[in-house]
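Try each task before reading its solution.

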Amino acid sequence: MKTAAPGRQRQAGRSADPSPGGGGRNRKENRPASAAQDVLIAGGGMVGASLAAALAPLPLQIAVVEAVAFGSRSQPSYDDRITAVSWGSRRIFESIGLWPQIAPEATPIQHIHVSDRGHPGMTRLHAEEMGVTALGYVVPNRVIGRALAGFLAQQPHITLLAPAKLTAVQTQGDGVVASVAGERVRTLQARLLVAADGANSQIRAQLGIAARTWDYGQSAVICNVSVERPQAHTAFERFTANGPLALLPMGEDRYALIWTAAGQRAQALLAMSDAEFLEAAAAAFNGRCGKFLKAGKRHAYPLSLVRADTQLRGRVVVVGNAAHSLHPIAGQGFNLSLRDVAALADTLAESAGSGGDVGEQQRLAAYVRARRRDQTGTTLFTDFLTRVFSNPLLPVVWARNAGLLALELLPPVRQLLARHSMGLTSRMSRLARGAPLTAGNGVPGSLHPHNHGRVE
Ligand SMILES: Cc1cc2nc3c(=O)[nH]c(=O)nc-3n(C[C@H](O)[C@H](O)[C@H](O)COP(=O)(O)OP(=O)(O)OC[C@H]3O[C@@H](n4cnc5c(N)ncnc54)[C@H](O)[C@@H]3O)c2cc1C
């Protein structure tokens, strides 16, 4: 870092609220109203907070601004959903040092059973066949939120401001200036702003970055269920005339059910009594898990594909759902974003290590280029699955059944599919390879030897 780096011009501050998962505010204000950062992350959801955690070993001053307090019931990222975390994402979390906090509540997926209701097409994927102990893990979003908040609270040079909203941003000279509204309005300066403020990103809009949105006209109805004959560590993906369903194992005898359905049908699923809903779900799985016994509260998420036209504008990088928001059919949205996060962390480590500027354009442009292939491939694959498996036309149904049968009969193709869903097909970042992130050859944190607290 240059000596003029904003993060080094300030004095040490104090630690944030030590109980970030506790549902309260995640902020202590004991610093002047204006402060300079190396990296300012707008949005402390699953992706923004993961980026901050990934950057923790680097000698950078980082601030995360999150509109809704961690642990709050209304937190939109760490809500009642679960996330299917791929094997590759587990490795990234492990390298960051987060996996020990997540693992106790993560259910390994060792088998995936894919079938098409009323048709013979089906295939199965097994962890053993891939030489791993799990194809992925089912983790409640709230567990990820708790782990991230606890981890960030322990980092001396990461400031977490929540609840606080980034309301305006301007590029100024060799940095950005952002207005942040929390208990009071303040101005933050940074070398680099990362917009991780979700699919409806206001920062993206403010910067004039267009985003294309394709509304699938579908919603994902989610809830937890328990079934008569649970099959340990087995996930089911089932395609039906009423839309695809996934059953993801949560512990020994519960599942997270995700039922994707077109608008009116989704409304009908929400309106059903528990008994009607359980019967409809059991029928959709054709008795494979026996009767469906209990259902938790149902929630619906409207689904669309969102793609930002560019992910770099001056000193602003766009990540997560703000950059690309996918249909959850293949459980790839967060996993893809975590691979972006790990690659961006590599880029910022290089900048920090060579004494450079984290907002340096050539490096950031190289990051965006390097991630294009994985992003495009994953987006097209997910969109293809959505269209093919929501299509009732007979030729399409025959083709997808032939595809499923071919997968079952051709292990190499099946393994390629499994490697893709495990997040192992793209160029691997240091964190994905299990290598620790350091600034070049520097000693982590060495640029802030006296900074043992956080700043406003
Ligand atoms: C039903 C469903 C199931 C899914 N299942 C999977 C799965 O199994 N596997 C998988 O990989 N992916 C899955 N996904 C996708 C995954 O949930 C998303 O990829 C992920 O939530 C994106 O995180 P994010 O941080 O980019 O955005 P968000 O989760 O939207 O978080 C954005 C954050 O920014 C904050 N914010 C917004 N504006 C501001 C502002 N101006 N200032 C400060 N803060 C702001 C918000 O409060 C929020 O906390 C699923 C999605 C859905 C809908």
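**Exercise 1.** Which residue just after H8 takes a positive phi?

Solution. This is a predicted model. Go to the end of helix H8 (residues 333-353). Just after H8, Gly-355 has a positive phi of about 70 degrees.

**Exercise 2.** Check the span of helix H8 against its number of residues.

Solution. Step one: H8 has 21 residues. Step two: the expected span is 1.5 Å times one less than that number, so H8 should span 30 Å. Step three: the end C-alpha atoms of H8 are 30 Å apart, which agrees. As for cover, 19 of the 21 residues of H8 are buried.

**Exercise 3.** Find the pairing partners of strand E11.

Solution. Start with E11 itself, residues 185-195. Eight of its 11 residues are buried. Next, take strand E10 (residues 175-181): six bridges join E10 to E11, and the two run antiparallel. A hairpin of three residues links E10 to E11. Ser-179 has Thr-187 in E11 as its bridge partner. Then take strand E19 (residues 316-318), which runs parallel to E11 and is joined to E11 by three bridges. Here Ala-195 has Val-318 in E19 as its bridge partner.

**Exercise 4.** Which element gives the most residues to the shell around the ligand?

Solution. First, the shell: 35 residues surround the ligand, and Gly-43, Gly-45, Gly-198, Gly-320 and Gly-333 are the closest. Elements that give two or more residues include helix H1 (46-55), strand E3 (82-86) and H8. H8 gives the most, with four residues. By type, the shell has 16 nonpolar, 15 polar and four charged residues.

Conventions. Residues are numbered from 1 along each chain as its sequence is written. This is a predicted model: local features need pLDDT of at least 70, side-chain atom pairs count only at pLDDT 80 or more; totals for chains, interfaces and linings use all residues. A residue is buried if 20 or more other C-beta atoms lie within 10 Å of its own, exposed if 12 or fewer, and partly exposed in between; C-beta atoms are placed from the backbone. Two strands pair if DSSP finds at least two bridges between them. A residue is near a molecule or strand if its C-beta atom, placed from the backbone, lies within 6 Å of it. Ala, Val, Leu, Ile, Met, Phe, Trp, Tyr, Cys and Pro count as nonpolar, Asp, Glu, Lys and Arg as charged, and the others, Gly among them, as polar.
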